[in-house]
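Good morning, and thank you for joining. Please keep the sequence and the model in view while I go through a few selected points.

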Amino acid sequence: MTLPAANARSWRIRPRLAWRRPGPPGLGVLLAAWLATIALIVGLGWRVAVAEAQGQANARAQAQRIERGLGDTEAFLRDARARVLLTAEAAASTSGLSDAVGAKNASRTLQLVEARHKSVSVPLLAVVDGAGQVLAADPATNLPLADAGPVRRALQGQSTVGAYDGGGSLAMLAASPVRQGDRTVGAIVALQPI
């Protein structure tokens with residue numbers, strides 16, 4: 001049986017293209033969006049919390065290192081201070097030094113200072129007379145030692161130590177009075193770079 005041509009066309013199935021307007025997203029899409037948002041918030045929160053914890057841990061570790069360093073530095077400075085003061089006081093008690101300084105005998109004072117300097121471990125040993133002039137120094141120096149606070153106090157009869165900025169380098173300066181009887185005739189200065 002053959003069908004007429006007109007009927008054959010009617011039997012053909014034509015695809016229909018139907019454009020539908022998109023509707024509201026389904027429950028799965030909304031749930032996926034909510035989960036992604038929550039994961040993002042939790043991830044960012046975790047990252048911020050970890051960064052803050054690391055920052056606090058680093059700050060504590062740095063503070064401990066600084067405290068340890070300060071403790072070590074304080075101990076070093078305390079030892080250096082005591083050592084340079086003891087050196088100045090020992091040098092002030094050098095036999096014959098008070099007579100040479102009292103007489104302002106620069107050559108004899110220099111001999112005594114050079115002899116004492118060989119037995120001490122400071123780079124500079126000097127004597128300042130009662131007028132504030134450098135009478136002798138080993139090695140020779142043009143530093144304004146008489147202007148330093150510890151030297152002024154030593155000329156008043158008190159042994160002291162202080163920091164000294166001599167020529168751009170920091171040093172520990174100790175001064176001890178040189179006494180002739182009951183009067184102070186000068187000061188001996190020991191200088192130790194820090």
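Asp129 has contacts, meaning heavy atoms within 4.5 Å, with Lys104, Leu135, Leu155, Val185 and Gly186, leaving aside residues up to four places away in sequence. Before I continue, a note on conventions: this is a predicted model, in which local features need pLDDT of at least 70 and side-chain atom pairs count only at pLDDT 80 or more, whereas totals for chains, interfaces and linings use all residues. Residues are numbered from 1 along each chain as its sequence is written, and side-chain values use heavy atoms, with hydrogens and water left out.

Asp129 belongs to strand 1, residues 124–129; helices (H or I, at least four residues) and strands (E, at least two) are DSSP runs numbered from the N terminus. Is Asp129 buried or exposed? Asp129 counts as buried because its relative accessibility is 5%; buried means under 20% relative accessible area, exposed over 50%, and partly exposed in between, with a 1.4 Å probe and protein chains only. Between Asp129 and Val185 the sequence separation is 56 residues, while their C-alpha atoms are 6.3 Å apart. A polar atom of the Asp129 side chain also lies 3.0 Å from the backbone nitrogen of Ala131.

With a relative accessibility of 18%, Asp138 counts as buried. Its contacts, again not counting residues up to four places away in sequence, are Val113, Glu114, His117, Pro123, Leu124 and Leu125.

I turn now to the nonpolar cores. Such a core is a set of buried Ala, Val, Leu, Ile, Met, Phe, Trp, Tyr and Cys residues joined through side-chain atoms within 4.5 Å. The largest has 22 residues, and those touching the most other members are Val84, Leu97, Val101, Leu125, Val127 and Ile188. At least two residues each come from helix 2 (27–92), helix 3 (97–102), helix 4 (106–117), strand 1, strand 4 (169–180) and strand 5 (183–193). Helix 2 contributes the most, with five residues. Apart from this core lies another, of 16 residues, including Ala137, Ala146, Ala148 and Ala175.

Finally, the chain as a whole. How many helices and strands does the chain have? There are five helices and five strands, in the order α-α-α-α-β-β-α-β-β-β along the sequence. Of the 194 residues, 28% are buried. Among contacts between residues at least 6 apart in sequence, 48% join residues at least 24 apart.

Notes:
Polar contact = N/O pair within 3.5 Å; in protein donor to acceptor, adjacent residues only side chain to side chain.
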